[in-house]
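Hello,

I am passing a structure on to you, and my notes follow below it. Please have a look at it before you read on.

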Amino acid sequence: MIESFVFIPGRFLVAKRLFSVLVCLLLLLSTARAQTAFKDQTKAVGLALGGPACWADFNNDGWVDICSGGVWINDKGKSFKKIDGTGSAIAADFDNDGFIDLFSYSSLQVLRNIDGKSFKPIKMPKLPKCQSRGACWGDFNGDGFVDLFIGGYEVWSTQTTFPFLVLLNEKGKSFKLVREESLFRARGVTACDFDRDGDLDVYVSNYRLQPNLLWVNDGKGNFKELAGKHNAVATSAGFGGGHSIGAAWGDFNNDGLIDLFAGNFAHVDGRGNQPKSRFLKNLGKKKGYTFQDMGPCGVHYQESYASPSVGDFDNDGNLDLFFTTVYGTASFGRPNQSVLFRNDGKFKVTNVTSQVKIPRLPPTYQSAWADYDNDGDLDFASAGRLFQNQGNKNSWLRVRLHGDGKSINRAAIGAQVRVFAAAKIHTRQVEAGTGEGNQNDLTLHVGLGAHSGDVKVEIFWPNKKTKTISGVKTRKLLVIKY
């Protein structure tokens, strides 16, 4: 059927202009939503991963390496070679010598990096018996050296709850145990200066129907539990807690404030005291940096959700969520599988796992992001596999921060970066610990969608000092030293 129309010059011009605007909007939208896909490159690069994944550049060659079932050195994105064995670990430069070290929370041992070639244990203080499944680094007392917050888990058969431990760094020479306390059974431990007061606070995901904890730092390494005050317990109203395994910080709505995703394992579909996973929106200074519980926001129910991690996989400017499961088949014969949720903005996510060609993965706690081939898009490790991002045309910026080793720890753990592009503020933080015992790359990655112009970059250092750089070109690595 062919429709007829009457040609009216004025109206035709208006319609033509409207049509042009519509085409431009559609082109911008299609670019920002340009689809990407992932390719399993595990065998091709010679990796044999085991346990949680921790990304860091251990030999300072500009190519991110990975610690998982040992330390694997990246050869320019083409292959990996194992140089050392270690337990599950997180990474930071504890002695400020310029090389990234490790803390194995499975063995409660700090491992010094020897020139990027090997790792040697240092002498540790006498520690109480503790079984841990997660920890995080951070300069908790502001002395320029990273400290440790270690979660304490359990022995289920004896109903033993191990203590959490706070270890302060003694100028890169040793550590001092300043706090041990048995409260709840911790799984994931992750830190963020969510209230922008210049010190790192710690969020702990607890299991066995126990409440999650938000340890607010006074800047001297003294922590006070204030999850209730900040509405960050992440449970259903009127109930004490859930089966939380991991959480991840991220600015999910691009307003410059770092929000929180709290994962929950739930044997029943969000009823009673087994809440679904939820996003917690940071309401900022005027609301006392409390969180608004946004609910699941599109994260569909699965019983055995475990370790979340966040990264902008499609470079559209929104932080996406990868969320693992630890049952292949859950209760009542229901299949469970790890899921990649695309962030559509305004706290709405969509399952795109099959769309981006991620296969059904076996049960896993492994989940961490990094651009291992330096091509401007984020790759990820999970279930013992390395998935390479095949990319799209969206714009991006990578930012690598270095502290001076005096005022700011060398790895700049705790620093925040805000990239201003058009009307959006893209916020990232340098963190050493996410999900349950995993760690994303210390080099920050910011997707910028269809934005093609220069951007403004603001660095908020852990001592509250700021640095602003205007006219920054995109599609590059920006290196900034304190």
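A residue is called buried when its relative accessible area is under 20%, exposed when over 50%, and partly exposed in between (1.4 Å probe, protein chains only). Phe80 and Tyr372 are both buried.

This is a predicted model, where local features need pLDDT of at least 70, side-chain atom pairs count only at pLDDT 80 or more, and totals for chains, interfaces and linings use all residues. Residues are numbered from 1 along each chain as its sequence is written, and side-chain values use heavy atoms, with hydrogens and water left out.

Now the overall picture. The protein has 37 strands and two helices; these are DSSP runs (helices H or I, at least four residues; strands E, at least two), numbered from the N terminus. Of its 482 residues, 59% are buried. The C-alpha trace spans about 90 × 50 × 50 Å along the principal axes.

On to the rings. The whole structure holds 27 aromatic pairs. Rings of Phe, Tyr and Trp (its six-membered ring) pair if their centres lie within 6.5 Å; planes under 30 degrees apart count as stacked, over 60 as edge-to-face and the rest as tilted. Phe80 and Tyr372 make a tilted pair, 6.0 Å centre to centre with 45° between the planes. Phe80 lies in strand β5 and Tyr372 in the loop between β28 and β29, so this pair ties together parts that are 292 residues apart in sequence. Ring pairs also link Phe38, Phe313, Phe322, Trp369, Phe380 and Phe387 into a cluster.

Best wishes
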